[in-house]
Amino acid sequence: MKAAKNEDLRDVLTLGGREFSSRFILGSGKYSLTLIRAAVEEAGAQMITLALRRAERGGAENILDYIPEGVVPLPNTSGARTAEEAVRLARLARELGCGDFVKIEVIRDSKYLLPDNHETVRATEILAAEGFVVMPYMYPDLNVARDLQDAGAACVMPLAAPIGSNRGLVTIDFIRILVEEIDVPVIVDAGIGRPSQACEAMESGVAAIMANTAIATAGDLPAMAGAFRKAIEAGRAAYLAGLGRVLDTADPSSPLTGFLRDDDA
Amino acid sequence: MVQPDDLEAIPSDVMERVLSLAEAYDASAWSEKQVRRAIHTTQRGVSDFAALLSPSAAPLLEEMAQAARSETRCRFGNSVSLFTPIYISNHCENQCVYCGFNARNRIHRTRLPASGIESEMRGIAESGLREILILTGESRVKSDVEYIGEACEIARKYFRAVGVEVYPMDVAGYAHLLAHGADFVTVFQETYDPVRYGEVHPGGRKRVFPYRFNAQERALIAGFRGVGFAALLGLSDFRKDAFATGLHAYFIQRKYPHAEISFSCPRLRPVRGGSAFRFSSLTEAELLQVICAYRLFMPYANITLSSRENARFRDNVVGIAATKISAGVSVAVGGHSGIEKSDGQFEIDDARSVDEIRRMLASRGLQAVMSDYL
């Protein structure tokens, strides 16, 4: 059995010194707060993203009230266009009692919501130095992933496809390069549209999956969260088992060179 | 269309591009087959948008609505933002023939002092709202930039997001509002037909079409993060106006990729003192077609539903394409607290409170979000 990076044989995911047995990070940005508890339970998630807009202190709908005990909130910096804005939001999240985990999102493109890798590295440097457990959303570029790692990121979170697109593993070849070359956990963030894609990404050795829209737009939200959990667990098990070889052609039972053995006979 | 020298000019070809395409737009030239393609393709362009606004799309409105709902859910999930407008002054120097604030109309004019603005805003904030839209009539004397800036500063104390819908101003004016706490600028072009524009705006600075057209761009140059667009549908050929509105937003977003885009979708409504003005109203189906076309053309844009529309229409459309809805609306100065109530700008058709709107959204499986920003 393979022992994944940064993890011991118990196969736990370690982020910021904290161990997670679940490899499913649940997004919460696009559905009713009342569904969050059911979704978390079905997903078996131990970490849930938290749009800061919903973490209002004293507000009528404070998401922190809906997050079950033991589940780590992962506030994100959505809305930030620069490193400075991301840093401000992260500090605000800490002040609001959301803990030290923070997902960095720096986006200067309102159409495709693609991350600004350069600003993300800058924000990561600042926040990691302040003791945050920084989880940066990024475009899968190996050089940037190395920079993020050097800057103190707890993981890297490459996108599989644009946020909310449900298009699946569009960038999987580049994510596989990150899995091979980067020491911190690689967590696939945006674009996964169905459980089978989550499973395939996990088979490739990524450490965890974050999904939001695919679940938020499902007919039965908790049931879909449960389906993702199973797919992620199956993909992880397949990765650890070591996938069988893949051939371009059939493996014939009567091989072309069989005649050589016939002569021997 | 020459702009007087005392009004700021910026280097931009957006207006020429929009107007030339809008002028060439022939809504009758599009077939049902082209509309179907536009509905079901994954990457829509300008020609798809043109098809979606055409009369050939009318029989396919249900398909359009289904596709629009799917895009909305994908981008925004179940979230719907709530806000309310606050009118702080109705003094106006313009003579828009369709508007209750027309300088020639004999209505009760007033502007709220700072204490009045604060008291109104405090009351609004108590309803749970965290986003506000500050509006004035277009008088640079009675509601100058400093006055609006002061209102933004007060708003900042009570609200997370502050929009302004006031007269177009220079980059420096927008920078002033930004520095005092404003987040978004909305400017209605009213109509993108320059000839019709001249007819319905016979007096006041608003007559200068290009200065108004370039307002969103000046706001973005000043540093605003979001800008809103609208045509007042019914003033002119609504299909051409909707087409131009979408193109205006489209070209601005391409030039300023970070800009958060929003559309408002107002239909002309009867106004106090404006009964002599004749206009051609859109049907609800036509308005829905426009809203769905905006959504399919720019799936990431916010779409705001006006309280000009009735509750039944708003309740249904918010589940299809709209992402922002006003609640607890008064369109009169001082109308929220009743401290100094003036005549309103137009007549509203949905006066439900914030709680009533929240309950309506919840009953439809949607979630009221009070603010997107900290």
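Predicted model: local features only at pLDDT ≥ 70, side-chain atom pairs only at ≥ 80, totals over all residues.
Axes are lines fitted to C-alpha atoms, for helices over the stretch in contact, and the angle between two of them is taken between their N-to-C directions, from 0 to 180 degrees. Two packed helices are described by this angle together with the distance between the axes.

In chain B, helices α11(B) and α12(B) pack with their axes 11 Å apart, at an angle of about 20°. Angles under 35 degrees count as roughly parallel, and α11(B) and α12(B) are therefore roughly parallel to each other. Their crossing is right-handed. On the side of α11(B), the contact is made by Phe238(B), Arg239(B), Ala242(B), Thr245(B), Gly246(B), Leu247(B) and Tyr250(B), which meet Glu286(B), Gln289(B), Val290(B), Tyr294(B) and Phe297(B) of α12(B). By class, the residues of this contact comprise 7 nonpolar, 3 polar and 2 charged.

Helix α11(B) also packs against α1(B), which spans residues 14-24; here the angle is about 150° and the axes lie 9 Å apart. The crossing of α1(B) and α11(B) is likewise described as right-handed. From α1(B), the residues Val14(B), Arg17(B), Val18(B), Leu21(B), Ala22(B) and Glu23(B) take part, and among their partners in α11(B) are Phe243(B), Leu247(B) and Phe251(B). The contact contains 9 nonpolar residues, 1 polar residue and 4 charged residues.

A further pair is formed by α6(B), residues 145-158, and α7(B), residues 171-179, whose axes come within 8 Å and cross at roughly 25°. These two helices are therefore roughly parallel to each other, and the crossing of α6(B) and α7(B) is right-handed. Val145(B), Glu146(B), Ile148(B), Gly149(B) and Cys152(B) of α6(B) meet Gly173(B), His176(B) and Leu177(B) of α7(B). The classes represented in this contact are 4 nonpolar, 3 polar and 1 charged.

The largest pocket has a volume of about 700 Å³. It is lined by 29 residues, of which Thr42(B), Arg44(B), Glu71(B), Arg75(B) and Pro299(B) are the closest to its centre. Two or more lining residues are given by each of α2 (32-40), α4 (61-76), α11 (238-255) and α12 (284-297) of chain B. The largest share, 6 residues, comes from α4(B). In composition, the lining has 13 nonpolar, 9 polar and 7 charged residues.

Note on methods: Residues numbered from 1 in each chain as written. Chains lettered and ligands numbered in written order. Heavy atoms only, no water. 1 Å grid on protein atoms, 1.4 Å probe; cavity = no way out; pocket = protein on both sides within 12 Å on 5 of 7 lines; lining within 4 Å. Points joined across faces, edges and corners; volume = space filled by probe spheres on them. Helix = DSSP H or I, 4+ residues; strand = E, 2+ residues; numbered from the N terminus. Nonpolar A, V, L, I, M, F, W, Y, C, P; charged D, E, K, R; others polar. Parallel < 35°, antiparallel > 145°, perpendicular 65-115°, else oblique. Left-handed = near helix turned anticlockwise from the far one by under 90°. Contact = heavy atoms within 4.5 Å.
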